[in-house]
Amino acid sequence: MLSASSPASPASAGQPARSRLAALRQRFTRLPREARDTLFLLLVIAWIIAPHLGHLPTWCGALALATLLGRGALAVAGRPLPGALWRVGLLLIAVGATLATHRTLFGRDAGVTLIVVLLALKTLELRARRDAFVVFFLGFFTMLTNFFFSQSLTTAAAMLVALLGLLTALVNAHRPVGRPGLGTSAGVALRLALWGTPVMVALFLLFPRVAPLWSLPTDARSAKSGLSATMEVGNITQLALDDSIAMRVKFDGAVPPQPELYFRGPVLSEFDGRIWRPRVLRRSADPAPDLQALGAPVRYQVTLEPTQQPWLFALDAVTERPRIGGLPTRLTPDLQWLAERPVTELLRYTAQSHPQYRLGPLQAEGATRIALQDDVDLPPGFNPRTLQLAAELQRDPRLAGRGAGALVEAMLERLRTGGYRYTLEPAPAGVNTADAFWFDTKEGFCEHIASAFVVLMRALDVPARVVTGYQGGELNRLDGFLEVRQSDAHAWAEVWIAGQGWVRVDPTAAVAPGRTGTAQRLAPPQGAITQAIGTLSPDLLARLRQGWSALNNSWNQWVLNYTQNRQLDFLRNLGFEEPDWRDLARVLAALVGLAAAVSAVWALWQRAQHDPWLRLLERARARLRRAGLAVPEGATPRALVQLLQSNPLPRSSTNGSDSAPLVDWLLALERWRYARPTDGATTQAAHTTAASRRADLAALRRRFTQLPWHPRR
Amino acid sequence: MNLRATPLPPPTSGLLAAWRARVRRWFVARLRASDTVTLTQRTVYILPTRAGLMLGATLAVLLIASINYQLNLGYLLTFLLAGSALAAMHVGHANLRGLTLHLLPTAEAFALSPLPLEVQLSESQGRERPAIAVRVLDELPRAAADDPWVWTDVPARGSVRVHLAWRASHRGRVRPPALSAQTHYPLGIFRVWTVWQPAAPLLVYPAPEAHAPPLPAGQATDGVPLAGSQRGGAEFDGVRAWRRGDPLRNVVWKKWARSGELVSRDHASPQSFELWLEPALTGLSDREAMLSRLCAWVLAADRADLLYGLRLDAVDIAPGRGPVHRRACLEALATC
């Protein structure tokens, strides 16, 4: 047992890090086995808990780490574990703190907090065999809870390491004799996992994917970043800093040019002066959008990251209801496409869009006129200067009577030339955001611009609305997927023009043509390392990012997105006509049967005699037995010779054979096995010798069949 | 932390214990006895342990969580764990399968005293077999903390000897107890075990009487009684050079200390005294008690290095001394 005050520690303080590491390592290997095993298990547990630290309450992470550290110190010092009072006390504190933090003990977040604390506290009670197993099984469960928060490749790799660590600790705990090396146990654990892999693959492919067994507590859907259902100036600005992937799009054929990549999301038609909201939908009364496709369609497949929202983003304009297995969808009159339930997991769908289209009624007459009237409503009392500007514009003889198209053109011209600036950090706007944009700050992000533009259009009595979604994306050259990130979130306007219907107008493009033309974006300041790599080789950074992204994408496509549809597709590829879950069960059962058959054959093969010489000898014994001799089991060739000499085979009247050739053969058989190798059999000639020995045995086998056996009666 | 297997849980009721004992007796009785056994599929049994059932429950919980939260990575974890558990079942079974058990002949065994059994575990398939435990399958009551299992690792292509303690209840040719070997390796979720009945009977000598009366008086060859056990070589005629085989206590150590010369006391013609041990001298009527006393006397006479003979119903063993003679006498006592 080493104590903290051992003379080695002050001396090592000034040594270089490497030798200190070696000293630490030596100290670890010199620990008593019990302490070493406990430290290893604690390390594994710390590794499992580590990814949680980011989203656990601070007290929980601190308590768990402190407990693990304290337990490790006790193990190294060889001191007894704390008494039951400590454990119960800590547990009560933990439960109380959980209640205080989450207001409940149930639900996902409270459950994760509790399970992490329990796992840490349980290490204080490793007395009986059962306690140790409880730690292992709690550990497995804690690993799973990590997946609530992230199912990325990194998390998967970290948890694979954790699983191997736990298995290593389990194997190690079941080698009670002596002090087996952890490396040996890790090898065994790795082998177990490798052998378990085919089982995992088969079950993963074939285990029927069913819907959740019961509805989940509400907090299961964590507030992920992404577009929100309403637009308040400032929302999308936050997204500009979020570099995570929103969706990946694979086009059949060429990727359309950047200015056409408008992925339509929520359409916001109601404005209360501050917040834009979607129009409340009267589902039964919703007419299908009045859409007319022009030109050639674009087909593509979208892999959407979970948004916790029912929106399905698609390029303008979706002409055909997109295919998405198992999930009913509908189109709203303003051409937004919705799923029946929120997208809580990675979702893949195919869609078809026509970049050239005509949307909405062409003329405002009757009911259409009333419907369009909703899209010119403005809340009273806001943006007085914008309303005044509209009044002035309407009186402008250059614009009067030339229709909405001219107004739009004029406003875009104003944005281009009026000194408006596109920025991520606009000055605060106050209550009248449109006024502020048009007259005061003259700067803003896409949402300011779109909102101000639509307000002005409505003030001009032109039906207009805000459309949010994503614009652009970056093509990953490694796998050919267009990667659309949260920072590509965008807001633009749609204006109704008589004779043209709803027309997309992107006022941001007028302010900052680079926003939609190329992949140029306003980028937040970079970290020091990123900057360093960027200056070293800008290309390298981009390529690293693309490679990593492609890897993540294939992980998403093949693992995370393996849903019931893909499962049934897989069965269809296997040749099932109309696969359902019973076919999955059938294939699974067939695999189990196959595995059982293979192992049975293997067992038989192992039990059978493999040595060709022994097999030949056994054949000889069997023949002699059939000829009427009492041959003992396991009789050697020499014993058989003696047996034959003491009572020769009965002489047959027909072929007159006697036992002499048989005796010769038996002696040759004996020589083959036991005779000293001839002098020529050096190591160089070993190979040829082995070959000639095989040939000799084959000759013996041939001779055996030609021996004049006594015919059976 | 050491997950050494605990013995079977203590029986909850006498009825259950009796039932277990009955099942075990029936099971052992139908075993084919042999001195050496190589374990095969037919003789190796496997069942999940309580920890294995716990793991099953854990897997079920993991699966339900994966279904409810639609975690494909959760499915992967669950199925990898299940696959590893299946692999562990195979590894555990293979850990015992193919192992050869052999009961070595015992040295010397008295009834009712601890009897050392030596079991050799041999490995011939070229892989190490860690954490194998062997125990005697008897029905002796034992304390709960007393773990009957003896643990060992068997090296690849090597063998290991394990010492077990047993207690024979009576003398004679005794059928050895059934032995059991088990392993929980590698994950402790399956118990793999075998039961084996060794064939060769053990020769168990009678239990020597604990406080036996002193040895009966010896007789000179001419029939003059001597002063019994008092004369353990007290008289001697002189000294002679030490010869191989002379008892150490006959060495004249003083002489050796002075001159470095090793000499032995020369006894006064021990041949002239002989001690006959026979049932009549014990004064006991119960046969086993009588044999016990005779056994104690044989041991005492051997310790005193006397010349003694044994006279039983069927056999007469002429007076002699030394280990071979002692063994002959004890065997006669065991088998008569």
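1. Let's start with B:Phe79, which is buried in this predicted model. Its relative accessible area is 4%, under the 20% cut-off for that label.

2. The centres of the A:Phe207 and B:Phe79 rings are 5.5 Å apart and the planes meet at 55°, so the pair is tilted. A:Phe207 sits in the loop between α9 and β1 (231-232) of chain A, while B:Phe79 belongs to helix α3 of chain B.

3. Have a look at A:Phe204 next, in helix α9 (residues 182-206) of chain A. A:Phe204 is buried, at a relative accessible area of 6%. Among the residues A:Phe204 touches are B:Phe79, B:Tyr75, A:Arg209 and A:Val559. In sequence, A:Phe204 and A:Val559 are 355 residues apart, yet their C-alpha atoms are 9.2 Å apart in space.

4. Two of those contacts of A:Phe204, A:Arg209 and B:Tyr75, also meet each other: A:Arg209 lies over the face of B:Tyr75, 4.3 Å from the ring centre. Within chain A, A:Arg465 is placed over the face of A:Trp502, at 3.8 Å from the ring centre.

5. Over all chains, the structure holds 23 aromatic pairs. One of them is the tilted pair of A:Phe148 and B:Tyr69, with 4.4 Å centre to centre and 45° between the planes. This pair joins two chains, because A:Phe148 lies in helix α7 (residues 129-149) of chain A and B:Tyr69 in the loop between α2 (50-68) and α3 (72-96) of chain B. A:Phe148 is buried at 16% relative accessible area, whereas B:Tyr69 is partly exposed at 22%.

6. Finally, ring pairs link A:Phe133, A:Phe136, A:Phe137 and A:Phe140 into a cluster.

Note on methods:
Residues are numbered from 1 along each chain as its sequence is written. Chains are lettered from A and ligands numbered from 1 in the order in which they are written. This is a predicted model: local features need pLDDT of at least 70, side-chain atom pairs count only at pLDDT 80 or more; totals for chains, interfaces and linings use all residues. Side-chain values use heavy atoms; hydrogens and water are left out. Helices (H or I, at least four residues) and strands (E, at least two) are DSSP runs, numbered from the N terminus. Buried means under 20% relative accessible area, exposed over 50%, partly exposed in between (1.4 Å probe, protein chains only). Contact means heavy atoms within 4.5 Å. Rings of Phe, Tyr and Trp (its six-membered ring) pair if their centres lie within 6.5 Å; planes under 30 degrees apart count as stacked, over 60 as edge-to-face and the rest as tilted. A charge sits over a ring if NZ of Lys or CZ of Arg is within 6 Å of the ring centre and within 35 degrees of the ring normal. Lists of a residue's contacts leave out its neighbours within four places in sequence.
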